[in-house]
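I opened this structure for the first time today. These are my notes on what I looked up.

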Amino acid sequence: MAKQPDIYLNGRFLPLEEAKVSVLDRGFLFGDGVYEVIPCYAGRLFRLEHHLQRLDNSLHAIRMTNPKSPAEWEEILTQLTRQLPGADQSIYLQITRGCTGKRDHAIPTDITPTLFAMTQPASYPDAATLANGITAITLPDNRWQRCNIKAITLLANVLLRSEATDHGAAEAILIRDGQASEGATSNLFIVQQGEIITPPKSEHLLPGITRDLVLELANLHGMTFIEAGIDVKALEEADEIWLTSSTKEVMAVVELNGQRVGNGRPGPIYSRMANYYRDYKAQLQAGHEAT
Ligand SMILES: Cc1ncc(COP(=O)(O)O)c(C=O)c1O
């Protein structure tokens, strides 16, 4: 079996088996931490500054400051990815509040955060899944009120995703107060009469890096789009439904709650966007500044 790449933990690069964190770490005890998943295409970090900005926002929201500068993170992550030269990879970066040696909910004043990052070969959607689309169901959004924080506390998302799997669906689209917010692990877009619609950023959804890129590509290529609420009726009657994330990229939903979306195939606007997204990625892989 190929050797696992070393991981980064608190200033050191180590084999995975040697990496140890205290059981009193607040990440382990309380889920007190935040994370990022950063794609790396052909050895090039994807939208790193956007991911680091979101990391800063998440840290700020949980009353922490980033212990590393963007240049320091870039150095650490580049060193990680060099272990798989030229490969498409997925980087996981996590910061927890750290460990004081006791279990106490109160946020301590003097504590050193635990920094962890690892890289793995990317497992992006295969061509058939992209071409055929996926199925989804709607579920009540029973997560907390701070979904804009990329918190490691993901139990609700894990259970929602698992409920979707129980129903034979690939993803759950979450409904709060009659509005569809996002997927359990992705952002939501619909197409209605030729217009692309995605819910505006709020505390009810994660500000996805892929979501922002899709809107940039729509803007660049003169596609009509708005950021507006999507109620259940609009979702059910949508001509197209898409989900986006760093690992899903842009994916068409072809069946919702057992009903066909549009004609049951990925729609024409989706196909246009999927092409733009693929071109963007190909430029990055070829080492060009993607536009
Ligand atoms: C709840 C949720 N929404 C949206 C996303 C998409 O974010 P990104 O495009 O930055 O991967 C994710 C990604 O994991 C997610 O977990």
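I began with Asn 10, which sits in the loop between strand S1 (7-9) and strand S2 (12-14). I kept in mind that the model is predicted. I read the phi of Asn 10 as near 45°, a positive value in a residue other than glycine. I noted that most residues other than glycine have a negative phi.

I then went to Gln 193. I located Gln 193 in the loop between strand S10 (187-192) and strand S11 (195-198). Gln 193 is not a glycine, and yet its phi is positive, about 45°. I counted 7 C-beta neighbours inside 10 Å, so Gln 193 counts as exposed.

**Helix H5**

I checked the length of helix H5, residues 155-166. Helix H5 has twelve residues. From its first C-alpha to its last it reaches 16 Å, close to the 16 Å expected at 1.5 Å a residue. What follows H5? I found Gly 168, with a positive phi near 75°.

**Ile 190**

I went back to strand S10, where Ile 190 lies. I asked how many other C-beta atoms lie within 10 Å of Ile 190. The count is 23, so Ile 190 is buried, the cut-off being 20 or more.

Next I listed the contacts of Ile 190, leaving aside its neighbours within four places in sequence. Ile 197, Ile 230, Ala 234 and Leu 235 are among them. Ala 238, Glu 240 and Ile 241 are in contact with Ile 190 too.

**Around the ligand**

I turned to the ligand last. How many residues surround the ligand? I found 14. The closest are Leu 206, Gly 208, Ile 209, Thr 210 and Ser 246.

I then asked which elements supply the shell around the ligand. Helix H6 (209-220) and strand S14 (240-245) each supply at least two residues. H6 gives the most, with three residues.

Nine residues are polar, three are nonpolar and two are charged.

Methods: Residues are numbered from 1 along each chain as its sequence is written. This is a predicted model: local features need pLDDT of at least 70, side-chain atom pairs count only at pLDDT 80 or more; totals for chains, interfaces and linings use all residues. A residue is near a molecule or strand if its C-beta atom, placed from the backbone, lies within 6 Å of it. Helices (H or I, at least four residues) and strands (E, at least two) are DSSP runs, numbered from the N terminus. Ala, Val, Leu, Ile, Met, Phe, Trp, Tyr, Cys and Pro count as nonpolar, Asp, Glu, Lys and Arg as charged, and the others, Gly among them, as polar. A residue is buried if 20 or more other C-beta atoms lie within 10 Å of its own, exposed if 12 or fewer, and partly exposed in between; C-beta atoms are placed from the backbone. The expected span of a helix is 1.5 Å times one less than its number of residues. Two residues are in contact if their C-beta atoms, placed from the backbone, lie within 7 Å.
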